[in-house]
Amino acid sequence: MLAVISAAVAPAIALLSFFYLKDKYETEPLSLVVKVYIFGVLLVFPIMVIQFGITEEMNVPSFVEAFFVSGTLEEFFKWFLVFYGAYLHEEFNEPYDGIVYATALSLGFASLENIFYLYTFGIEEALVRALLPVSGHALFGVIMGFYLGKGKFSTGRKKKIYLTLSLLLPIVLHGTFNFLLLSSTKYIFFYMFPFMIFLWWFALRKVRIANTALTPYSNPDAKTGI
């Protein structure tokens, strides 16, 4: 069991450390990051119960399962917990902070989900899980956090747009990810490989932009792209 837990959690901790240390100006307090990570771990239980109930009671098509049962349900509750657990906190004081907290919560969720999966299907699945679902959760968190950070330091209509994107884009990307997994079996890597490359490119671009955004610690002439 210890080997399963280690194999399941190690990729999440590695990814969280990577994005945490990417913060160019002021690293976030570990106590709050850990707290948000634990929120993600605890979120797994109600989500699993709801998803099990839906899939057991209804004949759900793969599209609905991917975009609504998984994508919308998981990303909405992640967004909700990041918003009330970190976004409103005084430590959320620069755009990159959204990436740190949303990624922490997403990887907390991925950690426990991965433990259950490896315990059920075997530790030999650990590498594929690390490269696909665990990385996917991290990248959805980066994108969610980027737009939460943009929304935090915007006003009026722009704020509403960024907060909407912080929820909508992770749902669409997560739904697409799950739909590809559900729809393709024999040729799965022909679909997933380019999609994961796109996700990494998109997320790392957001990391770079967030680190050059206008903050109390950065160059006031820095660009804040979309």
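The model is a predicted one, in which local features need pLDDT of at least 70 and side-chain atom pairs count only at pLDDT 80 or more, while totals for chains, interfaces and linings use all residues. Residues are numbered from 1 along each chain as its sequence is written, and side-chain values use heavy atoms, with hydrogens and water left out.

The protein chain holds 7 helices and 0 strands, taken as DSSP runs numbered from the N terminus (H or I, at least four residues, for helices; E, at least two, for strands). Its C-alpha trace spans about 50 × 40 × 30 Å along the principal axes. Of the 226 residues, 50% are buried, that is, under 20% relative accessible area with a 1.4 Å probe, protein chains only.

Turning to one helix pair, α3 (residues 62-87) and α5 (residues 126-152) have axes that come within 11 Å and cross at roughly 45°; the axes are lines fitted to C-alpha atoms over the stretch in contact, with angles from 0 to 180 degrees between N-to-C directions. On the α3 side the contact is made by E74, E75, K78, W79, V82, F83 and Y87, and on the α5 side by H137, F140, M144, L148, G151 and K152.

Helix α5 also contains S135, which counts as buried because its relative accessibility is 6%. Leaving aside residues up to four places away in sequence, S135 touches L15, A130, M196 and W200.

Note on methods
Contact means heavy atoms within 4.5 Å.
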